[in-house]
Amino acid sequence: MKATVVKNTRISDKFGYLELKCPEIAKEKNAGRFFMISPHSDSVYITDTLLKRPFAICDITSEETFTCLYMITGRGTKILSEALPGNNFLVTGPIGNFFRFEKDTSVALIAGGIGLAPMINSARKLREMGIKVTLYYGGRSKSDILMYDFLQTICDELFITTDDGSLGIHGNVLVPLKENIQNYKKIYACGPNRMLQAVTDLCSQNNIPIDVSLDEQMGCGVGACLGCIITINENNEKVKKRCCVEGPIFDGTKVDWDSLIR
Amino acid sequence: MDRLKTSLCGIEFKNPIIAASGTFGYGLEFKRFTDLNKIGGISVKGISLHETEGNPMPRITETYSGMLNAIGLQNVGVEKFIKEKLPALKSIDTRIIVNFWGKTIDEYIEVAKILDYVERVDMLEMNISCPNIKEGGISFSSSPEALSQVVSACRKVIKNKPLIVKLSPNVQDIKPFAKACEDNGADAVSAINTLIGMAVDVERMKPVLANITGGLSGPAIKPIALRMVKEVYETVKIPVIGVGGIGSWKDAAEFILSGASAVQIGTANFINANICNETSDGLNEYLERKNINHFSEIIGKAVK
C-alpha cells in the first residue's frame with residue numbers, strides 16, 4: 001500500500017508534519033492507532049534504512065488525507081523530513097488498538113514531546129463525542145511545544161508545561177495534573193516512558209484508571225517478528241504482548257515499567 | 001503461471017517462493033495485507049517442544065541495509081501450535097513448512113515425531129543454526145559430525161514428510177555441512193540463516209541488543225548468501241533453497257541462477273507484506289521476456 005505526500009510542513013529544525021494521501025488510513029474512525037511508513041520514497045529501490053517506522057495517525061484532514069507528526073532523531077526521520085509533495089511511500093496501516101473513550105466521562109489527555117501526535121486525533125474524537133477536551137502537554141523547553149495556536153482551537157482546556165519554564169508552567173506535566181487529578185475518571189497518555197511511568201504512579205495513588213500509548217522499536221508492524229514485546233503484569237504473571245498488534249495502548253498500571261526503562 | 005509451478009522433494013508448489021521462518025509468524029498475521037493463497041509456501045516461526053519465552057528486549061535493531069534480531073525463538077510450543085495456530089491455516093491454499101528446533105537431540109526428535117503425523121504440515125525444516133539461543137542451535141552447526149548426529153536422529157523418526165535442513169553461514173566452510181545433511185538423509189537444504197552481528201548504542205555505551213549479538217538479515221547479506229548457495233549447489237545433489245536478503249524478483253532470479261531450486265523471502269516481508277507475490281509475478285514476467293518455459297531451466301545457469 002502506498003501513501004502520497006500532499007504537503008511537508010517544517011515546524012522547526014527538529015519537528016515537522018507530513019500530510020499524506022491514503023484513503024485506507026484516513027478512513028480510520030478511532031483515535032490512537034498508528035501506521036508504518038518506509039522512510040524512502042518508492043521511486044528508487046533503496047535499502048539503506050531498511051525497516052518501516054511506526055508513526056501515530058495524528059490528524060485526519062479529509063476523507064483521503066491525514067497527517068503524521070515527525071521528530072528528527074535519526075537517519076530514517078531525517079530522510080522522511082525531506083519528503084516532497086508527490087513522493088510515494090510504502091505504508092502499512094491502520095495498525096493497533098485504540099483509545100476507548102466513554103460518553104459523559106471526565107477525562108484528561110496527557111502528552112509529552114512527540115507523544116502529542118495521537119492526542120490531536122484524540123482531542124478531535126472527544127469533541128465529536130461531546131466530551132470536554134483537556135490536554136496536559138509537556139516539553140523540555142518552548143521549542144518543543146508544537147502547534148500551540150492550533151491546540152487552543154481543538155482543546156477546551158490546555159495546560160502547557162516546560163522543564164525550563166520557557167513556556168507555560170515551570171516543571172513537568174505532573175505539576176498541574178497533581179492539582180486536578182481528582183476531577184478525572186480516566187487518563188490517556190502518550191510520551192516518554194519515564195513520564196508515562198510517573199503519570200501512572202500518580203493515577204494509581206488516586207485510583208484513577210490510565211491507558212498509555214507505548215512506542216517500541218518495531219520490525220514488521222503486523223505481529224509477526226516479535227521484536228516489539230512489552231511485558232505486562234497479568235494475574236501475577238508476566239505476559240509478553242506485541243506492542244504493534246496487541247498495543248500500542250495498554251493499561252498503565254499493568255505495564256512492567258522496569259523492563260521498558262533502560 | 002506454469003513457468004513457476006514446481007515439485008520440491010515430491011511436494012507440488014504453485015511457485016518456488018516461500019515466506020521464510022521467523023518473518024511470517026504463523027502465517028495469518030499477513031492475511032490482511034497479502035493473498036496467502038498465491039504464495040508458494042510458508043515456513044512458520046520455529047517451533048519447539050515447549051513454549052519458549054524468547055530473549056529480553058531490545059530484540060531488534062536496524063543496521064545499514066539490514067537488521068539484527070535476537071528474538072530467541074519465542075514460540076507457543078508444538079502442542080499449542082497444532083491446536084491453536086495450524087487449524088486457521090487449513091483453508092489457505094499454500095504449502096506449510098514447519099521450522100522446528102530443540103535444545104537437545106532428544107527435543108529435536110520429540111518435536112519431529114509429533115509434527116511428522118500432522119496432516120496439514122507439508123514439509124519439515126530443521127533449524128540447526130539459530131544464533132540467538134545459548135543452548136543447542138548453534139552447537140549443532142559447530143561441526144559436520146555434530147550436525148550429522150542430529151540430522152540422522154531426526155531422519156529416523158520423520159517418516160512421512162520431506163526434511164529440509166537450514167544451514168548456518170557462521171562456519172568457515174559450508175560445504176561439509178551441506179554434505180553431512182545429504183549423507184544423513186535430508187531431502188533438501190536451505191541456505192542461509194542469519195549471520196552473527198552486533199550494534200552498539202554510543203549514547204548508552206552499551207550493545208543495542210539485550211542479547212549483545214543478533215542475527216543479521218536483509219539485503220546486506222545477499223552477496224554472502226548467493227556465494228554460499230553456489231557452494232552448496234556444487235556440493236550436493238539434493239535441492240537447495242536459497243535465502244538471504246531477497247527483496248525483489250531480481251534478487252530471487254540471482255539465487256535461482258546460482259543454484260537455488262526455490263527461494264525464501266524473509267526480512268523483506270516486513271517492508272512490503274505483499275513481496276512474496278510481487279516476486280513471483282516479477283519472476284514470471286522475467287521468464288516470459290527471456291522466452292524461458294520453466295524456471296528450472298535456469299537453475300544454476302550462472303555458475304555452470
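This is a predicted model: local features need pLDDT of at least 70, side-chain atom pairs count only at pLDDT 80 or more; totals for chains, interfaces and linings use all residues.
Me: How do you know what confidence the predictor has in chain B?
Reply: Look at pLDDT, the predictor's confidence in each residue, from 0 to 100. Chain B has a mean pLDDT of 94. In chain B, 97% of the residues reach 70 or more. For the complex, the predictor gives an ipTM of 0.91 and a pTM of 0.93.

Me: How do you know which residues of chain A and chain B are in contact?
Reply: Two residues are in contact if their C-beta atoms, placed from the backbone, lie within 7 Å. By that test, 22 residues of chain A are in contact with 30 residues of chain B. The side of chain A that touches chain B has 10 nonpolar, 9 polar and 3 charged residues.

Me: What makes a residue nonpolar, polar or charged?
Reply: Ala, Val, Leu, Ile, Met, Phe, Trp, Tyr, Cys and Pro count as nonpolar. Asp, Glu, Lys and Arg count as charged, and the others, Gly among them, as polar.

Me: Why is B:Asn274 called partly exposed?
Reply: Count C-beta atoms, placed from the backbone, within 10 Å: 20 or more others make a residue buried, 12 or fewer make it exposed, and anything in between is partly exposed. B:Asn274 has 17, so it is partly exposed. B:Asn274 is found in the loop between α7 (268–271) and α8 (275–289) of chain B. Leaving out residues up to four places away in sequence, B:Asn274 touches B:Phe33 and B:Thr34.

Me: What makes β11 of chain B a partner of β14(B)?
Reply: 4 bridges join β11(B), residues 195–198, to β14(B), and the strands run antiparallel. B:Ile196 stands opposite B:Gly215.

Me: What joins β5 and β6 of chain B?
Reply: They pair over 4 bridges in the antiparallel sense. One bridge sets B:Glu62 against B:Met67 in β6(B). β5(B) and β6(B) form a hairpin with 2 residues between them. In the turn, B:Ser65 has a positive phi of about 50 degrees.

Me: Why are β5 and β11 of chain B called edges?
Reply: The open sheet has 4 strands in the order β5-β6-β14-β11 (chain B), with antiparallel pairing. β5(B) (60–63) and β11(B) each have a single partner strand, so one side of each is left without a neighbour in the sheet. The twist averages 40 degrees from one strand to the next. Angles run from 0 to 180 degrees between N-to-C directions; axes are lines fitted to C-alpha atoms, for helices over the stretch in contact.

Me: Which way do the residues of β6(B) point?
Reply: B:Gly66 and B:Leu68 point one way, B:Met67 and B:Asn69 the other way, and all are buried. In a regular strand the side chains alternate between the two faces of the sheet.

Me: What makes β8 and β12 of chain A parallel partners?
Reply: 5 bridges join β8(A), residues 107–112, to β12(A), residues 186–190, and the strands run parallel. A:Leu109 has A:Tyr188 as its bridge partner in β12(A). Helix α6(A), residues 193–205, packs on the sheet, touching β8, β12 and β13 of chain A. Its direction makes about 175 degrees with that of β13(A).

Key
Residues are numbered from 1 along each chain as its sequence is written. Chains are lettered from A and ligands numbered from 1 in the order in which they are written. Two strands pair if DSSP finds at least two bridges between them.
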